[in-house]
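Biologist: I'd like to learn how to read a protein structure. Could we go through this one together?

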Amino acid sequence: DADLVIHTAGPFQRSKNYAVLEAALDTRTPYIDVCDDTPYSEGAKAKYAERAKAEGVPAIVSGGIYPGTSNVMAAHIISIARQEYDEGWNYREGVEPKWLRYSYYTAGSGGAGPTILETSFLLAGEDVIVYKDGKEVILPPISNRREVDFGPGVGRKGVYLYNLPEVVSGHKYMRVPDVSARFGTDPFIWNWAMWLTARLIPRKLLNDRGFVKRFAALSDPFVRNVDKIIGEAVAMRVEVDMVNGKNSSGIFVHKYLSQSMGYSTAAFAQSVLQGKTKPGVWYPEEPEALQDRRQFLQLAATGCSRFDLNRSAWALESEIKQI
């Protein structure tokens, strides 16, 4: 007798347990998860998409903040460039994207505690999928540092490649040839620690969920003390380079990761509960997931100190637009 089930029991890395999604389909209950793992989200779509359509059940995978809101930001930018929202749209008239770059920053653990630590350690044991010139490229985890300007209030931060599902889904479902996703944190020494973790701790241990759980539990008290000093801010920057050389970007900054994660997940829930998500298993950027992206983004950005979308990259670094 539930209207919706929201699956937040992470971390999702290394998991092949789809019991929650299966239960939702068995009872014809709409479903959302906040999965941030590529194999898990791909598995959910591959195994259950047709059944969800047949059962009339709407399901959204990776419906959190990143991935989640970030995917919708990218889809909105790309749909505007392609003129997909225009009446009488013709595919050949739009401007096509060439490169999609996701960049994320969280101060400390963002107040999320052991779960985000477990996720980070598990991701340190995964090779990274990126797309370059339309082809899949495998790179080491927590590599290829890039400095990204998240604008006044956050500033320039170093971010590193992680294996995140929005890379694969962006390439497949938004048809972007080149896609990558990076993440960074404060204090900067955490990034060094994660870089060392990926290179000094054997993959066998980083693939062991039991070991990672204990490792995260040991680290948690120290991380929480640091969180008290540096805060729990979250920032996202989504950049799309077009084939004509132009760039369209978006930026999202909130003082508290936990709050913004809640608003993002609530925005997906609103779409499902209002009947604006079609039956099937969808990534956030797919048109079937959200009938009204503007309504979604308005709710997801609640409480942001800054939210700008579809702007030139230089404008994001020189202006502040308050909500």
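Predicted model: local features only at pLDDT ≥ 70, side-chain atom pairs only at ≥ 80, totals over all residues.

Biologist: What share of the 323 residues of the chain count as buried?

Modeller: Here 56% of them do. As for the surface, the chain exposes about 14100 Å², and carbon and sulfur atoms supply 54% of that.

Biologist: How do I read the overall form of the chain?

Modeller: One way is to compare its radius of gyration with that of a compact globule. A compact globule of 323 residues would have a value near 20 Å, and this chain has 19 Å, so the two agree. Along the principal axes, the C-alpha atoms fill a box of roughly 55 × 50 × 40 Å.

Biologist: And how many helices and strands does the chain have?

Modeller: You'll find eleven helices and 13 strands. To see how the chain comes back to itself, take the contacts between residues at least 6 apart in sequence: 73% of these join residues at least 24 apart.

Biologist: Let's zoom in on one strand. How do I read its side chains?

Modeller: In a regular strand, the side chains alternate between the two faces of the sheet. Now look at strand 9, residues 178-186. Asp 178, Ser 180, Arg 182, Gly 184 and Asp 186 point one way, while Val 179, Ala 181, Phe 183 and Thr 185 point the other way.

Biologist: Are those nine residues of strand 9 buried or exposed?

Modeller: Nine of nine are buried, so that covers both sets.

Biologist: Which strands pair with strand 9?

Modeller: Strand 4, residues 97-107, runs parallel to strand 9, and nine bridges join them. In that pairing, Leu 100 has Val 179 as its bridge partner. Strand 8, residues 156-161, runs antiparallel to strand 9, with two bridges. There, Tyr 160 stands opposite Phe 183.

Biologist: Last one: how do I read the charges?

Modeller: Count each kind, then compare where the two sets are centred. This chain has 38 positive and 38 negative side chains, and the centres of the two sets lie 3 Å apart.

Key. Residues numbered from 1 in each chain as written. Heavy atoms only, no water. Helix = DSSP H or I, 4+ residues; strand = E, 2+ residues; numbered from the N terminus. Rg over C-alpha atoms; globule rule 2.2 N^0.38 Å. Buried < 20%, exposed > 50% of the residue type's maximum accessible area, 1.4 Å probe, protein only. Contact = heavy atoms within 4.5 Å. Areas by Shrake-Rupley, 256 points an atom, 1.4 Å probe, with all protein chains shown as cover. Lys, Arg positive; Asp, Glu negative; His and termini not counted. Charge placed at Lys NZ, Arg CZ, Asp CG, Glu CD. Pairing = 2+ DSSP bridges.
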